[in-house]
Amino acid sequence: MADFDFSEFLASRRSTRDFLDKPVPQDIIDAILTDAMTAPSWSNTRPYMVSVATGATRDNLSAELLRRW
């Protein structure tokens with residue numbers, strides 16, 4: 001990828017602040033998490049944890065986040 005292409009790519013990124021209520025299929029979640037495992041981290045420490053919540057747990061977490069926000 002040429003330098004210009006990479007700069008253009010970075011400039012085209014966007015942040016999403018709103019989400020659909022449509023469920024994400026489990027195979028897509030699995031693929032995203034598999035790809036994330038290969039992402040670089042400082043000294044290959046991978047200092048992150050991922051949790052996926054569904055159903056009542058997700059609803060409770062969402063409600064609590066909105067209450068505190």
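**Entry 1: Glu-64 and its partners**

I began with Glu-64, which forms a salt bridge with Arg-67, their closest N and O atoms lying 2.6 Å apart. The model I am reading is a predicted one. Both Glu-64 and Arg-67 sit in helix H3, three residues apart, or about one turn of the helix.

Glu-64 and Arg-68 are four residues apart in helix H3, so about one helical turn separates them. Salt bridges that share partners join Glu-64, Arg-67 and Arg-68 into one network.

Next I checked how open these side chains are. Glu-64 has a relative accessibility of 28% and counts as partly exposed. For Arg-67 I noted a relative accessible area of 60%, which makes this residue exposed because the cut-off for exposed is over 50%. Arg-68 is also listed as exposed, at 66% relative accessibility.

**Entry 2: the remaining salt bridge**

How many salt bridges does the structure hold? I count three.

Arg-58 is partly exposed, with a relative accessible area of 43%. Asp-59 is partly exposed too, and its relative accessible area is 39%.

**Entry 3: the largest pocket**

I turned to the largest pocket, which holds about 640 Å³ of space. Its lining has 16 residues, and those closest to the pocket centre are Leu-20, Lys-22, Pro-23, Val-24 and Arg-58.

Which helices each supply at least two residues of the lining? I noted helix H2, residues 26-36, and helix H3, residues 55-68. The largest share comes from H2, with three residues. Helix H3 also carries Glu-64 and Arg-67 from my opening entry.

Last, I sorted the lining of the largest pocket by class. I recorded nine nonpolar residues, four polar ones and three charged ones.

**Entry 4: recap**

For quick reference, I list the points to find again.

- Glu-64, Arg-67 and Arg-68 form one salt-bridge network.
- Arg-58 is among the residues closest to the centre of the largest pocket.

How values were computed. Residues are numbered from 1 along each chain as its sequence is written. This is a predicted model: local features need pLDDT of at least 70, side-chain atom pairs count only at pLDDT 80 or more; totals for chains, interfaces and linings use all residues. Side-chain values use heavy atoms; hydrogens and water are left out. On a 1 Å grid over the protein atoms alone, a cavity is a set of points where a 1.4 Å probe fits but cannot get out, and a pocket is an open set with protein on both sides within 12 Å along at least five of seven lines; lining residues have an atom within 4 Å of a point. Grid points are joined across faces, edges and corners, and a volume is the space filled by probe spheres set on the points. Ala, Val, Leu, Ile, Met, Phe, Trp, Tyr, Cys and Pro count as nonpolar, Asp, Glu, Lys and Arg as charged, and the others, Gly among them, as polar. A salt bridge is a side-chain nitrogen of Lys or Arg within 4 Å of a carboxyl oxygen of Asp or Glu. Buried means under 20% relative accessible area, exposed over 50%, partly exposed in between (1.4 Å probe, protein chains only).
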